[in-house]
Amino acid sequence: MKKIVCILLCLLLPAVLTACSNSSQEESSAPSSAPESSAAQEESSQEEVLGELLTDTFGKLQDGTGYYIDVTMIVEGGTNSTSSSENRQSSETERMSYHYQVAVDQNSDRAMLMMQMPDGTTGHLLIDNKVCYKLDDEAHTYMKQDYPYNAYSFGRLYTTDLYLGMMNYLHLDSSGTGDFRLSEDGKAATLDYEKYRLTADEQESNPFQEAVITYYFKDRKPYAEVLETDKGKTTFLFTTVSDTVKDPSVFAIPEGYQEIPAEAS
């Protein structure tokens with residue numbers, strides 16, 4: 001299973017655009033179906049304790065045949081700078097915002113990932129029956145390559161390790177009603193929450209030392225998710241979390257896009 005911190009820091013446009021061309025070499029660790037990773041999941045899930053709201057939302061998506069998620073991801077990291085004139089250290093926070101959509105339909109073996117970078121550029125991937133379409137949204141072109149896995153694997157690599165697969169590492173710490181505030185000077189919203197401790201994977205080359213993740217719910221639907229580790233803070237703001245893909249056109253190549261030769265591996 002890909003690790004949550006790696007995905008949060010590495011799910012950037014270059015990784016998105018090279019996923020298809022590198023799939024045969026780099027995704028050998030990604031499951032082609034759920035049973036292949038069941039042994040590891042069962043081992044890690046023996047001690048997990050999940051809350052009712054998380055189980056009833058993202059947990060149900062994991063058991064379904066498809067889903068659609070529209071989310072904004074805000075990554076914050078602290079950087080220190082020293083003022084020589086005042087001989088003191090000040091802290092500045094780097095904050096970047098990404099927006100992405102992920103859709104999976106296991107019945108038709110189709111998947112879609114669209115990610116918008118802070119500068120407004122987008123990356124776009126389509127999976128259709130073991131074929132990957134890598135779209136250039138600025139040039140309105142696409143390349144077609146073989147994809148050795150299925151839509152389930154694609155979704156797990158880019159989404160379920162963030163929201164579903166990672167539940168195997170979660171241990172419920174507390175739950176109740178609390179305030180969610182996107183920024184210190186922003187308005188607080190009173191929401192239901194479930195707070196979890198996130199267990200690190202020691203096999204990871206650079207594992208986090210401490211991690212807490214808090215899910216916020218409004219009317220029993222996912223509203224936000226806040227991941228805090230010793231490496232930084234990431235906030236997810238959910239626009240849509242659905243167990244169905246209501247618009248199948250998200251799996252289609254947009255009109256006017258022209259095919260170009262695939263890059264040599």
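## Basis

The model is predicted; local features need pLDDT of at least 70, side-chain atom pairs count only at pLDDT 80 or more, and totals for chains, interfaces and linings use all residues. Residues are numbered from 1 along each chain as its sequence is written, and side-chain values use heavy atoms, with hydrogens and water left out.

## Salt bridges

Side chains of opposite charge can pair when their charged atoms come close. A salt bridge here is a side-chain nitrogen of Lys or Arg within 4 Å of a carboxyl oxygen of Asp or Glu. The whole structure holds four salt bridges. A network of them links Glu52, Asp56, Lys60 and Arg220.

Aspartate 56 pairs with lysine 60, with the closest N and O atoms 2.8 Å apart. Aspartate 56 also pairs with arginine 220, where the closest N and O atoms are 4.0 Å apart. Arginine 220 sits in the loop between strand E9 (211-218) and strand E10 (221-229), and aspartate 56 in helix H5 (residues 52-56), so this pair ties together parts 164 residues apart in sequence. Helices (H or I, at least four residues) and strands (E, at least two) are DSSP runs, numbered from the N terminus.

How open are these side chains? Buried means under 20% relative accessible area, exposed over 50%, and partly exposed in between (1.4 Å probe, protein chains only). Lysine 60 is exposed because its relative accessibility is 53%. Aspartate 56, at 30%, is partly exposed. Arginine 220 is partly exposed too, at 41%.

## A link between E7 and E8

Aspartate 173 and arginine 197 also form a salt bridge, 3.8 Å from N to O. This pair links distant parts of the chain: aspartate 173 is in strand E7 (residues 170-180) and arginine 197 in strand E8, 24 residues apart. Aspartate 173 is partly exposed at 44% relative accessibility. Arginine 197 is partly exposed, with a relative accessible area of 44%.

## Glutamate 194

Strand E8 (residues 189-198) also holds glutamate 194. Which side chain of opposite charge is nearest to glutamate 194? It is arginine 220, 7.3 Å away. Lys and Arg count as positive and Asp and Glu as negative; His and the chain ends are not counted. Glutamate 194 is buried and has no salt bridge.

A polar atom of the glutamate 194 side chain lies 3.1 Å from the backbone nitrogen of leucine 54. Leaving aside neighbours within four places in sequence, glutamate 194 is in contact (heavy atoms within 4.5 Å) with residues including Gly51, Glu52, Leu54, Ser174 and Tyr215.

Strand E5 (residues 131-136) has five of its six residues buried, so the rest of the structure largely encloses it. Strands pair if DSSP finds at least two bridges between them. Strand E4 (residues 122-128) runs antiparallel to E5, joined by four bridges. Six bridges join E5 to strand E6 (residues 141-146), again antiparallel.

Leucine 135 is the bridge partner in E5 of histidine 124. Leucine 135 also stands opposite tyrosine 142 in E6.

The turns carry positive phi angles. The hairpin of E4 and E5 has two residues between the strands, and asparagine 129 takes a positive phi near 50°. The hairpin of E5 and E6 has four residues between its strands, with histidine 140 in the turn at a positive phi of about 60°.

Key: A polar contact is a pair of N or O atoms within 3.5 Å; within protein, one must be able to donate a hydrogen and the other to accept it, and residues adjacent in sequence count only if both atoms are side-chain atoms.
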